[in-house]
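Thanks for passing this one along. Here are my notes, in the order I would go through them with you at the screen.

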Amino acid sequence: MPRAVGAASKEPSHGYQLRVVQEILLALLAKDASHGYQLRARLQLALGPLAEALNAGQVYVTLARLDKAGLVRAEHVGQSDRPDRKVYELTEEGRARVMAWLDDTSWPKPAPAEFHLKLVAAATAGLGDPVRIVDVQRHAVLANLAEAQRAALAQPDGAVAGLLLEGVVLRLQADLQWLEACARYWSSMTTKGR
């Protein structure tokens, strides 16, 4: 699996997010060379309201890292009425990385695994009530689901970001079903423990 260029191994979720932004930028450059502003606009179109999570400078910092790693090549292009613009194009190494990313079928670590371990640790060590932890998590997922549904409804018909938001909604609905199963299990364990 391709590693994030310059990603810190101490922060796996940050490293994963950084790697995903790198892979997407590389893929966007596969068709033709572009400057940073064009790439940001394409990302915003593809992600819709989820693009708000990206820092505006993140695209430029990531492009600089990709350039330093030899995955893209930057060229200054003169403009008559404005400062020179940096245009990025994919190198052969960058193209190979895009193809490897497209062929990669792994998913990021599933959220349920970490949450499950949290519940087991809380119950085993007596650090907290797993039923309460599940309830708090359920409320957070419900809030996220409502927000994702509102964002999905706000998308115009046929918007590519609408498809992404539909996936987010379905994933959150599945998470809620699993949390219901967790609540039933840990409630029954509490009842048995009495």
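1. Some ground rules. This is a predicted model, in which local features need pLDDT of at least 70 and side-chain atom pairs count only at pLDDT 80 or more, while totals for chains, interfaces and linings use all residues. Residues are numbered from 1 along each chain as its sequence is written, and side-chain values use heavy atoms, with hydrogens and water left out.

2. The overall fold. The protein chain has seven helices and three strands, in the sequence order α-β-α-α-β-β-α-α-α-α. Helices (H or I, at least four residues) and strands (E, at least two) are DSSP runs, numbered from the N terminus. Of contacts (heavy atoms within 4.5 Å) between residues at least 6 apart in sequence, 55% join residues at least 24 apart.

3. Surface and burial. Of the 194 residues, 28% are buried; that means under 20% relative accessible area, with exposed being over 50% and partly exposed in between (1.4 Å probe, protein chains only). The accessible surface is about 12500 Å², and carbon and sulfur atoms hold 57% of that surface. These areas come from the Shrake-Rupley method with a 1.4 Å probe; for residues, only the protein chains shown count as cover.

4. The largest nonpolar core. A nonpolar core is a set of buried Ala, Val, Leu, Ile, Met, Phe, Trp, Tyr and Cys residues joined through side-chain atoms within 4.5 Å. The largest has 15 residues, and F115, L119 and V134 have the most contacts inside it. Helices α5 (111–125), α6 (130–154) and α7 (160–193) each supply at least two of its residues, with α7 giving the most, seven. Leaving aside residues up to four places away in sequence, V134 touches F115, L119, L179, C182 and A183.

5. As general background, nonpolar side chains tend to be buried together in soluble globular proteins.

6. Aromatic pairs. There are two; rings of Phe, Tyr and Trp (its six-membered ring) pair if their centres lie within 6.5 Å, and planes under 30 degrees apart count as stacked, over 60 as edge-to-face and the rest as tilted. F115 and W178 are edge-to-face, 6.0 Å centre to centre with 70° between the planes. This pair links α5 to α7 across 63 residues of sequence. F115 is buried at 8% relative accessible area, whereas W178 is partly exposed at 30%. The ring centres of Y185 and W186 are 5.1 Å apart and their planes are at 90°, so this pair is edge-to-face. Here Y185 is partly exposed at 44% and W186 is buried at 12%.

7. Helix α3. Which residues of α3 (58–68) are buried? They are V59, T62, L63 and L66. Just after α3, G70 has a positive phi of about 80°.

8. Helix α4. This helix (residues 92–103) has G94, R97 and V98 as its buried residues. They cover an arc of only 100° around the axis, so they sit on the same side of α4. The face turned away from that buried side carries the exposed residues E92 and D103.

Key:
The arc is that of the directions from the helix axis to the C-beta atoms.
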